[in-house]
Amino acid sequence: MNATPATATPRESAAPAEGAPQRLLQRLILPHESSPDVVPLYIEAADARSGATGSALGLGGGSEPARRVEPEGRAVERSAQAQAQVDVSELNERHSVGVPARSMRSFGTYFNAFPASYWRRWTPVRAVRLTVRTSGAGHLVVMRSTARGSLQRQESRNVSGVAEEVFDLPLTAFGDGGWYWFDAYAGDEDLTVLGAEWTADADLARTEGSFSISMTTMNKVEYCLENIRTVAEDPDLRALLDVMYVVDQGADRLHDHAEELAPLQKALDAQLQIIEQGNIGGSGGFSRGMYEAATAGTSTYVINCDDDIVIEPESLIRMVTFADFASRPTLVGAHMFDLNNRSVLHTFGEVVDPWRIQPAVAVPEGRTGHDFAAEPLRSTPWLHRRADVDYNGWWSCLIPTETVRAIGLSLPVFIKWDDAEYGLRAKQAGYPTVSLPGAGVWHMSWVDKDDLVGWQAYFHERNRIITALLHSPYARGGRVVRESQFMDVKHLISMQYFTEAGRLLAQKDVLEGPDALHPAIGTKLPEIRAMAAGFDDAVSRKDQDLYPPVQIDKPPRKGRPFTQPRRLMLPAWTVKVLAKQLLKPTAPQAAENPQAAIPHLDAKWWRLSAYDSALVSNAEGTQVSWYKRDPRQVREMLAEALSAHVALHRGWNALRERYRDASARITSFDAWEQTFAENPAPDRAPQQEASPTSDGGGSAA
C-alpha cells in the first residue's frame, strides 16, 4: 500500500533550453462573468506599493510618481478606489484586454500572477518563458516579488504595432516564496494585450495526464447542473477530461430533472456518468468517484469537487498541468473563495496542528477571509510566502489515481475530517499536497455557520479523535482528549444537550473500534437525528414570537456586560458554575418563559451558563431554539463524559494500534465495494434538511 513514488532530478537552468518544445503552464485569463466583485482577482488598474517596505512603484506609462508612505488604512482605501477604475465593459474577451490611453493594467493578481515559488519547490522547472502579444504602442514591465513581499522590477520593454515579446525568466531565487507577473502601460493611444502565456520546456513534465471528476451531490440540483454545464461548455477542459462522475445521494435527483439534464448528457455523452447510491455522506460519495476513476484505468488523476461550488474552469486545467510537472505524484488542491463575497479568499493553505489535531493556517501571518478587493496580492506580504500544506479541502482537490490505488479510499466516516485524514495519510506514504495559487473555486463559506452545534457535532468529535489515533505523533494524542473534555463541559453549561448527546455517542463509537465504521455509515445520521426529539435545544422555530415572551426578575451579573473568564480565574469559575449546573434547581418561571433572547454571535458558554433558559438563534439567522437548563441531564452526561475520557486516556495506546492496523483494510477497495453494494439508492429517500457532503477539513476548526 505505501509505495514510494519515484522522484525526478531537476535540470538546473536559468532559461528554457534553446529550441526546446514548450508546454503551456498558465495563460492570461479574464473572468467569464465580468461582475465588479470578481474583477480584482483577474486585473487591476493601479501601480502597487510593496507591503513589505511601504514604497510606491512609479513605473511610467501614466503611473503616479513615487509617494511618501501613507497610513495603512489610506493605502488600502486608495488601492480599492484604483481597482474600481477597471470598467467591466472592457472585459468582454476571455484572454485579451484593452488598456486605455495613458493608463495601466496590472496582471499581478490571484488568477494571472505566476506562482513561481511553487513551481520552483515542487517541479523540476527552473526557468519559464513569458510570451506577451500586443497591439499598439506602450510599455511592458515584468515584475517579481520575494518571500517577504518586496516588489522588484525584472525587465521592461517598449512595444509598438503588433508585437510578440518573449521574456526568459529564471526561477532559481524563489526558494521560499515569490511571484512573477507583468504590467502593461498604454501611451497616448490604447494598447491591447492580445494574450499572454507562461511556458516551460515540455520534456520536464513527468507525464501528460488526463483526469476524471468525482462530484458528490445531495439535493442541490441547480448547483450541480450548473457545474456540469460549465464543464460541458469548456473545450479545453473537456480535452483533458475522461469522465465526470456525479454521485447522486439525494431524494431530489438529477434524473428527476430530465429537461435540464438531457442536453448536458447529450453534449458530454460518455464524459458524464451519474451514479445513484444511498446517502453515505461525503466520504462515501467521493470514495465512489475515486473508486470509479482508479479502476477504469484511463485517468491519471481524479479531482474531488463539491456540488455547490462555482468553478473557474482554468483552475482545473492548471491543477492537472502542475501535477504533470510535479517531481513526484502530488495531490494538487484549489483554494476556496467565498461564494457570497467573491473577492474574499477563505484560506490560502492549511495544516493539521499535530498537538491539538485541529486545522491551522499554513502561513503564520496568514488569515482566513482575505479580501483581494481591499488588499491586493501585490500589497499583501504574507501572500508572497509559499504555504506548504498537509491537505487541501475536497471542495476541489486533485488526487493521482496512482495514489488512490496505493493508499486506498477515504476513511468511512460519512463527513468531517475525511479530506484532512487523507492528506495526512498520503503525505506519510510519500505523496505531498500542494494548495496551488491561481487555482480557485467559489464555495459557501462556513464562517457564518456553526456545525459544532447540532447533529454534525457527532462527526466532528468522532472523526477528530480517529484522526488523532491514526496520525498524532504524541502520547495519548497530545491535547485531544483534554480538549474534548473541555468541550463537553462547555456544551453542558451552555444547555446544548442534544449536541452533547451526539458527542457522547461519538466517544462511545470510537471506543468500539474501527470495524464499526463501515456498517454504520448509512445508518448513523438517521440515528443521531432520531435523538433530537428528546431535547429542547434541538427543536427550532422560525420566529422568536412563536415562543412565550422573555421574562426574568433579576438579570445576571446585575445587568453588567458578560466577559470571558480570565485564564487564571477559569478553574475557580468552572468549579462554581458546574456546582450551580449540577446542584441548583432551576427557577420555576424559567420553564414557562425564557429568561433571555441571545443572538448567535453572543451565545458564548460564559453567557449561556448564567441562565436557566434562553432563546438562541442559529448561525444562519433562520431558526430559534429554546435552551433549558436541566441539572439531572448535566449530572448524567458529565458522568458519562468523564467515564469515556478516562477510557480513552487509559486505553489510548491499544486503541491506536487497533485503528492503525485496520486503516489499510477499512479504506481498501474491497471494503468500499461491499459498502457501495449495501447502500443502493432507495426507490425514494425522504428529503433531508441538510446536504451532508464533505465540508472539508477546514470546517473542523
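Helices and strands here are DSSP runs, numbered from the N terminus: a helix has at least four residues, a strand at least two. With that in hand, let's start. This is a predicted model. The protein chain has 18 helices and 25 strands.

First, the overall build. The chain has 701 residues, and a compact globule of that length would have a radius of gyration near 27 Å. The chain has 27 Å, so the two agree. Along its principal axes, the C-alpha trace spans about 85 × 60 × 55 Å. Buried residues make up 58% of the chain. Now take the contacts between residues at least 6 apart in sequence. Of these, 81% join residues at least 24 apart.

Next, the aromatic rings. How many aromatic pairs does the structure hold? It holds 30. Take one of them, Trp 119 with Phe 322. This pair is edge-to-face, with 4.9 Å centre to centre and 75° between the planes. Trp 119 sits in helix H2, residues 116–122, and Phe 322 in helix H7, residues 313–325. So the pair ties together parts that are 203 residues apart in sequence.

Arg 541 lies over the face of Tyr 547, at 5.0 Å from the ring centre. Lys 628 lies over the face of Trp 626, at 3.9 Å from the ring centre.

Now the cysteines. A disulfide is a covalent bond between the sulfur atoms of two cysteines. How many disulfides does the structure hold? The count is 0. Cys 224 is in no disulfide, and its nearest cysteine sulfur, in Cys 305, is 10 Å away. What about Cys 305 itself? The closest cysteine sulfur to that of Cys 305 is in Cys 397, at 9.4 Å, which is too far for a bond. The cut-off for a disulfide is 2.5 Å between the sulfurs. Cys 224 is buried, with a relative accessible area of 0%. Cys 305 is buried as well, also with 0%.

Arg 342 lies in strand S16, residues 341–347. Is Arg 342 buried or exposed? Arg 342 has a relative accessible area of 17%. Buried means under 20%, so Arg 342 counts as buried. Where does its side chain reach? The side chain of Arg 342 reaches the backbone oxygen of Leu 339, at 2.9 Å. Leave aside neighbours within four places in sequence, and Arg 342 is in contact with several residues, including Glu 33, Asp 37, Phe 337 and Trp 442. Val 38, Leu 41 and Val 310 are also among them.

Last stop, Ile 357. This residue is in the loop between strand S17, 350–353, and strand S18, 358–361. Ile 357 is in a loop, and Ile 357 is buried, with a relative accessible area of 2%. Which residues is Ile 357 in contact with, leaving aside its neighbours within four places in sequence? Among them are Val 352, Trp 417, Arg 464 and Thr 467. Ala 468, Ser 472 and Val 480 are in contact with Ile 357 too. Compare Gly 297: Ile 357 and Gly 297 are 60 residues apart in sequence, and 35 Å apart in space, C-alpha to C-alpha.

Key: Residues are numbered from 1 along each chain as its sequence is written. This is a predicted model: local features need pLDDT of at least 70, side-chain atom pairs count only at pLDDT 80 or more; totals for chains, interfaces and linings use all residues. Side-chain values use heavy atoms; hydrogens and water are left out. Buried means under 20% relative accessible area, exposed over 50%, partly exposed in between (1.4 Å probe, protein chains only). Rings of Phe, Tyr and Trp (its six-membered ring) pair if their centres lie within 6.5 Å; planes under 30 degrees apart count as stacked, over 60 as edge-to-face and the rest as tilted. A charge sits over a ring if NZ of Lys or CZ of Arg is within 6 Å of the ring centre and within 35 degrees of the ring normal. A polar contact is a pair of N or O atoms within 3.5 Å; within protein, one must be able to donate a hydrogen and the other to accept it, and residues adjacent in sequence count only if both atoms are side-chain atoms. Contact means heavy atoms within 4.5 Å. The radius of gyration is taken over C-alpha atoms; the globule rule is 2.2 Å times the number of residues to the power 0.38.
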